[in-house]
Amino acid sequence: MGEELSPIQVSEEARVVYDSNLRIAKRNFEANPDSLELIIWYGRRLAYLGKYLEAIEAYTQGLQKFPTSHKLRRHRGHRYITTRQLDKAVDDFEMAAFYSVNAENAIEPDGLPNRINQPLSNDKFNIWYHYGLAHYLNGRFDKAISAYRKCMEFSDNNDLLTATSYWLFMTYKKIGNAELADELLKPISNDMKIIENDAYLDLLLLFKGEKSAENLIQKAFPENGNIDPTLGYGIGNWYQQRGNTEKANEIFLKILDSPSWASFGYIAAEAELTTAFPVPIS
């Protein structure tokens, strides 16, 4: 949007924890700089404090030692998305996908544990999920669809299934394939047990006609000002798909009032307002 991005906001309580974790990660890395896992954790801890460019540099230095590491490219690609370097992100995920073909898939540990303290995602899911997102944000919807369809192979729990289904649904709608989009909604139900991705489930149920946009708007834009860009972006698309582009753009602009500029929903709202995304065909 041509505006400088301000440092991310972290509560004092959280900052104490993040700073402590970063100091430990840095100390461990400096004690053993040839450990792939310690390089990754150092980069991740930098990123949790909003030090995205420093994280990218840490991963880049790591790739000099481990040039075929799909894990390093997955994490660097993620932060290229955060910093709006989408072509570099695509390149990283393409290489990550290539190098991961014969690698054993593994659960990716959480740096910010969820409410049950149980990691839910895996290495190959994260590669293909973010690969699809990078293409989506660039408006390359055919390539995004291919990536998300591959991602479905690794979406092995309800949280991953709802996340992948949501972005694939949105991508199908962008190209006007309502039939395939609607197929994705069939297994989605309010009875699904979700740990992290409540917003994606809410949005899929909205598109399915089982939730109301008015209620979700109140949830996305509460009076306390804690805007949920993920929920807001999906609601904006719901209006857009029904031909109400004025309301959709109003919501997208409202998302940009949020300080959560690292959120995928925020970045996608930027893309809607600054690129030649086609208006979805109902």
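**Figure 1. Asn117 in the loop between H5 and H6.** Asn117 lies in the loop that runs between H5 and H6 of this predicted model. The residue has a positive phi of about 55 degrees, although Asn117 is not a glycine. Its relative accessibility is 59%, so Asn117 counts as exposed, the cut-off for that class being over 50%.

**Figure 2. Arg84 in the loop between H4 and H5.** Arg84 is found between H4 and helix H5, the latter spanning 86-100. Although Arg84 is not a glycine, its phi is positive, at about 65 degrees. With 25% relative accessibility, Arg84 counts as partly exposed. Arg84 is also listed among the residues closest to the centre of the second largest pocket.

**Figure 3. The stacked aromatic pair of Phe29 and Tyr42.** The structure holds 16 aromatic pairs. In one of them, Phe29 and Tyr42 are stacked, with 5.1 Å centre to centre and 10 degrees between the planes. Phe29 belongs to helix H1 (residues 12-31) and Tyr42 to helix H2 (residues 36-48), so the pair ties together parts that are 13 residues apart in sequence. Phe29 is buried at a relative accessible area of 17%, and Tyr42 is buried at 15%.

**Figure 4. The stacked aromatic pair of Phe125 and Tyr129 in helix H6.** The rings of Phe125 and Tyr129 are stacked at 5.0 Å centre to centre, with 20 degrees between the planes. Both residues lie in helix H6 (residues 123-137), where they are four residues apart, and are therefore separated by about one helical turn. Phe125 and Tyr129 are both buried.

**Figure 5. A cluster of aromatic rings.** Ring pairs link Tyr136, Phe141, Tyr166, Trp167, Tyr200, Tyr233 and Phe252 into this cluster.

**Figure 6. Charged side chains over aromatic rings.** Arg44 has its charged end over the ring of Trp41, at 4.4 Å from the ring centre. Lys247 lies over the face of Tyr239, and here the distance to the ring centre is 5.8 Å.

**Figure 7. The largest pocket and its lining.** The space in the largest pocket amounts to about 1700 Å³. Its lining consists of 44 residues, and those nearest the centre are His78, Arg79, Leu112, Ser263 and Phe264. Two or more lining residues come from each of H2, helix H3 (52-65), helix H4 (70-82), H6, helix H8 (158-174), helix H10 (198-208) and helix H12 (229-241). Sorted by class, the lining of the largest pocket has 22 nonpolar, 15 polar and seven charged residues.

**Figure 8. The second largest pocket and its lining.** About 370 Å³ of space lies in the second largest pocket. The pocket is lined by 19 residues, with Met1, Leu5, Arg84, Tyr266 and Glu270 closest to its centre. Helix H14 (residues 264-274) gives the largest share of this lining, five residues. The classes in the lining of the second largest pocket are 10 nonpolar, five polar and four charged residues.

Notes: Residues are numbered from 1 along each chain as its sequence is written. This is a predicted model: local features need pLDDT of at least 70, side-chain atom pairs count only at pLDDT 80 or more; totals for chains, interfaces and linings use all residues. Side-chain values use heavy atoms; hydrogens and water are left out. Rings of Phe, Tyr and Trp (its six-membered ring) pair if their centres lie within 6.5 Å; planes under 30 degrees apart count as stacked, over 60 as edge-to-face and the rest as tilted. Buried means under 20% relative accessible area, exposed over 50%, partly exposed in between (1.4 Å probe, protein chains only). A charge sits over a ring if NZ of Lys or CZ of Arg is within 6 Å of the ring centre and within 35 degrees of the ring normal. On a 1 Å grid over the protein atoms alone, a cavity is a set of points where a 1.4 Å probe fits but cannot get out, and a pocket is an open set with protein on both sides within 12 Å along at least five of seven lines; lining residues have an atom within 4 Å of a point. Grid points are joined across faces, edges and corners, and a volume is the space filled by probe spheres set on the points. Ala, Val, Leu, Ile, Met, Phe, Trp, Tyr, Cys and Pro count as nonpolar, Asp, Glu, Lys and Arg as charged, and the others, Gly among them, as polar.
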